[in-house]
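User: Hi! Could you walk me through how some of the side chains pair up here?

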Amino acid sequence: MTNVTNIKEVTSEQALSQHLIEVRRNLHYEPELSNEEYKTTAKIREWLTEANIRILDVPLATGLIAEIGSGQGPIVAIRCDIDALPIKEQTNLPFASQIDGKMHACGHDFHTAAILGAAYLLKARESELTGTVRVLFQPAEETGHGATSVLASGGLNDVSAIFGLHNNPDLPVGTFGTRTGALTAGVDRFEITIRGIGAHAAYPENGVDSIVSAAQIILSLQTIASRITSATEPVIVSVTRINGGNTWNVLPETVELEGTVRTYNEEIRRLIPEKINQIIKGTAAAAGAEAELHWYPGPPATVNDRDWADFTKEIAALADYKVLDLAPQMGGEDFSFYLQQIPGAFVNIGTNGAYGLHHPQFDVDEEALLPTSRYFALLAEAAIKKLAGVDNLNEL
């Protein structure tokens, strides 16, 4: 690894690009799951300290927040996520994960390296900043609740605008995308337990068939999207796991179902657990069985502020990105918790991947690293000027 002893040296084009590639590969080699990012946090702390970037003293077990600027004036935040996934890597890269069953299959290693690069660039211009930038390296995005621990830490107090990114392997390098309003969906998880009466498969009349009840419930749950909510409101109810029975000639007493609900509409999101409960209890009761719902709310929809979404696109055009207005995505993102309290925007950066997010062969094009760093440094400085009332982007 290249040591960052002189911030002006590392911010030269070639040196910074090489350093960020090394950072990304170092993180990829040693991935850590949500809330276990101790080594990752230590590495980030070391890289920031080498560059004389101050780190805030906030109560976070993993992850950290750095600060660049005078501490005065408008405060903006830029955020990346640092955790990996429980996936066995199949890329055969020379820097592939050395930890079996863990992988940066969502590109958080790319996010971390890119935002670290933005921190270096901002540090090099620290004396010229008319405000302050908080640089957030967030843990536990994959659990859907890492953002809530950051908010609870107080590390984003007084922040007036916040920006985050996700790599998009479906977009080519040099492409930028976002949208006004909901970019990603609200994400909730459910578990359903269906209890019947076990019996010999040859004599089903002696029991209550939990498997038949489960099948009827799975089909009935699809009426939430097709009949209970408006056709103009995107809603997905997916059953993703069925567990019941352990042999071929016995009807099991219990079947378990698990799945997820996705929607952009918060009012519908609040309504769905009640509708699921009505469906499963009524359907099970008709067969003489019982059903119980366990609901696990995740992050809400990521809703971009109109002015800041437009601003991110304006800065992207200045940075020579091809700018796209994206369609809403049914994936989830806990950046949404920040946007419920702080105006801002979440954006996509094209990374030209052959495989999609969470795939065991997922990889990113590292040519996107340096432009992403430069973009977020430019965005942070421009946002400070905007908040300070300087709207002339030609002054950047």
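This is a predicted model: local features need pLDDT of at least 70, side-chain atom pairs count only at pLDDT 80 or more; totals for chains, interfaces and linings use all residues.

User: How many salt bridges does the structure hold?

Analyst: Let's begin with the idea behind them: side chains of opposite charge can pair when their charged atoms come close. To count as a salt bridge, a side-chain nitrogen of Lys or Arg has to be within 4 Å of a carboxyl oxygen of Asp or Glu. Across the structure, the number of such bridges is 27.

User: Which residue forms a salt bridge with arginine 24?

Analyst: Arginine 24 belongs to helix α2, residues 13–29. The closest N and O atoms of the two are 2.9 Å apart, and the partner is glutamate 366.

User: Are arginine 24 and glutamate 366 buried or exposed?

Analyst: The cut-off to keep in mind is that a residue under 20% relative accessible area counts as buried, while one over 50% counts as exposed. Arginine 24 and glutamate 366 also belong to a network of salt bridges, together with Arg25, Asp109 and Asp363. For both arginine 24 and glutamate 366, the answer is buried.

User: How far apart are the closest N and O atoms of lysine 43 and glutamate 30?

Analyst: Lysine 43 lies in helix α3, and glutamate 30 in the loop between α2 and α3. Both lysine 43 and glutamate 30 are buried. Their salt bridge has its closest N and O atoms at 2.7 Å.

User: What is the angle between the ring planes of tyrosine 375 and phenylalanine 376?

Analyst: A pair of aromatic rings is described by the distance of the centres and the angle of the planes. Tyrosine 375 and phenylalanine 376 are both buried, and their ring centres are 5.2 Å apart. Planes over 60 degrees apart count as edge-to-face, and this pair is edge-to-face with an angle of 90°.

User: Which residues form one aromatic cluster with Tyr375 and Phe376?

Analyst: A search of the whole structure finds eight aromatic pairs. One of them joins phenylalanine 335 and tyrosine 338, edge-to-face at 5.5 Å centre to centre. As for the cluster with Tyr375 and Phe376, the other members are Phe176 and Tyr321.

User: Which ring does the charged end of arginine 189 sit over?

Analyst: Charged ends can be found over rings in this model, and lysine 386 gives one case, with its charged end over tryptophan 308. For arginine 189, the charged end is 4.2 Å from the centre of a ring, and that ring belongs to tyrosine 296.

How values were computed:
Residues are numbered from 1 along each chain as its sequence is written. Side-chain values use heavy atoms; hydrogens and water are left out. Helices (H or I, at least four residues) and strands (E, at least two) are DSSP runs, numbered from the N terminus. Buried means under 20% relative accessible area, exposed over 50%, partly exposed in between (1.4 Å probe, protein chains only). Rings of Phe, Tyr and Trp (its six-membered ring) pair if their centres lie within 6.5 Å; planes under 30 degrees apart count as stacked, over 60 as edge-to-face and the rest as tilted. A charge sits over a ring if NZ of Lys or CZ of Arg is within 6 Å of the ring centre and within 35 degrees of the ring normal.
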